[in-house]
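Subject: Structure for you to look through

Hello,

Here is the structure I said I would pass on. Please open it beside this email and follow along.

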Amino acid sequence: MDIYVQLLVNSLQIGAVYVLFSLGLTLIFGVMRIVNFAHGEFFALAALLVAVAVPWLIDFGAPLPVAYGLAFLGALAGVLVLGKILYEFAFRRFQRDMIGSFVLSVGLALLLQGLYIEIFSSASRKLPTLIEGTLRILGGAITTQRLVLCVIALLVAAGMYWAIASTRLGKALRAVSEDHEAAMLQGIPYRRIALSGFLIGTLLAAVAGALLAPVVVIGPVIGSSYLIKGFIAVVIGGLGSIPGAIIGSILIAVIESVGGYYFDPSLATIAMFVMVMVVLLVRPAGIMGNG
Amino acid sequence: MEPEILLKVEGLTRHFGGLAAVSDLNFEVRRGEILGLIGPNGAGKSTTFNVISGFHKPTAGKVYFVGEDITGRNPARISRKGLVRTFQHGSLLREMTVYDNMLVATISLMRTRPERDRRVRETAEMLHLSDQLHELVGNLPHGLQRMVSIAIAFSRRSRLLCLDEPLTGLNQIEVASALAIFRRIRDEFGSTILLVEHNMKAVMEICDRIVVLDHGVFLAQGRPIEISQNEAVISAYLGKRK
Amino acid sequence: MAKLPRALLVAASLCAVIGSYFSGSDFAANLIIWVAINVLMTASFRFVLLIGELNFAMAGFVGIGAYAGGIATTMYHLPLALALLLGAAAAGLISLVVGFVTLRAKGAYFLLVSFAFTEVLRLIYSKVDVIGGNSGMIGIFPPAYLARFYPAIVVLVVLFFLFVLYRMERSDFGKILVAIRNNDDLVQTVGIDVHLTKVWCLGIASFVTGICGALLAHANNVISPGDFSFLVAVYTLAYLKVGGESHILGAVLGAIVLTLLAQYALGFGAYEHIFYGAAIVIGVLLLPDGLFGLAQRMLSGRRWPEGSGS
């Protein structure tokens, strides 16, 4: 019994990060109809900025929580700036052009990752633990820090879900996702909404990255592995669908933790890929998608 | 003499996520006629076309073409049996020349380039497109683009041409020219035409018979003059006006 | 579109073949082989772009060609020509099966399935010990008496298949492919089975890709699963974007220019990522028709591109 709970707990914590990551990816696709292969690099940048800023701030004499707090904010701000720049100079011209934007984002992802390797060096970093302690929940162990990460991530995801459903901006985002021409006819300012959607999606990736930094060893190529899994989650759930992204992420997380435990991680990866292929062939629009 | 029935639609029903786009539709298309399929917006005309031509599977019912059951077959197979359709919004390859647009239509019919080339040129001449053969379709004015979509379909010399709103956006002269071509297609080549159209004047002028749909259900059928005096049809259309 | 003088092309090809025989140093010989293989890979990637799909499964088929060719040579000691053909056939046949299943998906979905396929293959290679597992296969050499001629052989084979792809593109079959990219519903409606045609397109492209893989195996003499990651398709995409998509010579130009540039630009590791990433970004943002389109425009006196590339 214990092992199942542990696996569940592991799935939950892996899943929390994937959920945030995928929500961003699917939101950007929904609003702008672009497949942003560089999404992982926004995520990575946030993690790297936190990983670099915290030790630096500590050296300056800042107490640990303050260092983390400032680092988080700095990371989010940094990623948002990068996102705005890339949007203005690159993505804006390619919205609704799936192939063109994809190709561009591939180039950007490669370029950014190369820059990260240069700037942040290949050495991986481990940060000092923010919150000490381990908890036991129903027989499964989880470090308090990871639990907090999990809870925050899930709160953000829930908040996003609520915001999309209830706020004006959320409704506008949904309208544009469903039928951008009809939305424009109804007076929704497409350009502004597209930018908002892109920035919110990017911010979600950044939050995921920043939350991950204290918990996992951060290296400059971390964007790629999360990107692939995030993509799988989003495609399985249905590109553009928010509930789909959540379902897909949880599925991926479960496969990863269960597969990694009973078999080896690369077999788990193969299983995920095979599953993607099967889902895409049986239900090409994804579980919740509508094409 | 019994008119030969080219296309027969029996009990055709198609549901779309809870809505019945078409319900229990029955009608037939006779060889050599020009049959009009009309009805207010949302009547189910495009859905009917999509099912007949194999782009959607019906929820229930059958489609027979020259006596053969073609229900649910894939569009390419149906096309090779002699039924070709056009699409409402652009039945065209915009980035290719007029010549290539028609050429592609002949590929599954003929094996050699010279044969295909001859068919393309003959068709172009009939539809007054010979001067535009090497123009990119996307650069042509709207009226000519419509002609090209008809040309693509007609290149196949199919037994049945299903034309989905071919006259949209054409001015009066262009409409007259198109109608003359439809008549030639029917008279000289023996093809049958099933026509969905909103241009009532043209429909009344060119069609031998008319089938009227409303809300996915069969409303009436008959000759143009009968339909124009049919009370149910009139109220269906009037009821839709805002 | 300017028609390039045939004579010029034939002359250039002859020079390439002869020049590669007399290439002298090992470094030059290897460079020529590398460039030539990249040219053919880019052309075959472009062939699938004719139906509007980005063939990110390409690395998988390069790998199949490489391993099949490698097995033919090292385990069965077959002549080089046969090894190449076997590599091509294996890649082509497997692609027909894979394509039949995966080409039902389009756009972003096809991309992901293709990517997944490549990664699955790579993981499988690393687990199968008879072909070397994670360390890969070694000792794949062309027969000793041919070794001198190998660069010329590669160039010849590449030129031959370039020509084949070019002719296919210009044929009526090629027009169907472009038509499918334009409006695949219309193509169905004129009696052509779009799905099967797409599968054939992938099959032809993968046959050629398989040749590339087999040529690569005999050139490097060592292959391992890591050589066949999806980055192969990404780099090929860079060559195509920089060279220009609208004509096969764009693929040739892009591959030549970028491969040579990459050699002289910088070393390994991150610089490679930055180089190729920047190449793609610059290609997409500043050179919508690529270098070939730019050259055409300059030669015909126009300054600005007529809308974006295909």
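This is a predicted model: local features need pLDDT of at least 70, side-chain atom pairs count only at pLDDT 80 or more; totals for chains, interfaces and linings use all residues.

**One helix in chain A**

Start with helix 6 of chain A, which covers residues 168-178. Which of its residues are buried? They are A:Ala172, A:Leu173, A:Val176 and A:Ser177. Looking down the axis of helix 6 of chain A, the buried residues fall within an arc of 140°, so they line one face of the helix. The general rule behind such a pattern is that an α-helix has 3.6 residues a turn, so residues three or four places apart point the same way.

A:Arg168 and A:Glu178 are on the other side of helix 6 of chain A, and both are exposed. What do the buried residues of helix 6 of chain A pack against? Their partners, also in chain A, are helix 1 (2-32), helix 5 (144-166), helix 7 (180-185) and helix 8 (190-212).

**Where chain A touches chain C**

The contact between these chains takes 31 residues from chain A and 29 residues from chain C. On the chain A side, helix 4 (98-120), helix 9 (222-237) and helix 11 (265-282) are the elements that give two or more residues. Helix 4 of chain A has the largest share, with 16 residues. By type, the side of chain A that touches chain C divides into 24 nonpolar, six polar and one charged.

**Where chain C touches chain B**

Here 17 residues of chain C are in contact with 23 residues of chain B. The elements of chain C that give two or more residues to this side are helix 7 (172-182) and helix 8 (184-189). Which of them supplies the largest share of the side of chain C that touches chain B? Helix 7 of chain C does, with six residues. The residues on this side of chain C are eight nonpolar, five polar and four charged.

**Domains of chain C**

**Domains of chain B**

Chain B is divided into domain 1, made of 5-82 + 158-240, and domain 2, made of 90-154. How many Å separate the centres of domain 1 and domain 2 of chain B, taken over C-alpha atoms? The separation is 24 Å. In the contact, 11 residues of domain 1 of chain B meet 10 residues of domain 2 of chain B. Strand 7 (160-164) and helix 6 (172-189) of chain B each supply at least two residues of the domain 1 side. Helix 6 of chain B gives the most to that side, with four residues. The domain 1 side in chain B divides into six nonpolar, two polar and three charged residues.

Regards

Notes:
Residues are numbered from 1 along each chain as its sequence is written. Chains are lettered from A and ligands numbered from 1 in the order in which they are written. A residue is buried if 20 or more other C-beta atoms lie within 10 Å of its own, exposed if 12 or fewer, and partly exposed in between; C-beta atoms are placed from the backbone. The arc is that of the directions from the helix axis to the C-beta atoms. Two residues are in contact if their C-beta atoms, placed from the backbone, lie within 7 Å. Ala, Val, Leu, Ile, Met, Phe, Trp, Tyr, Cys and Pro count as nonpolar, Asp, Glu, Lys and Arg as charged, and the others, Gly among them, as polar. Domain bounds come from an automatic or database domain assignment.
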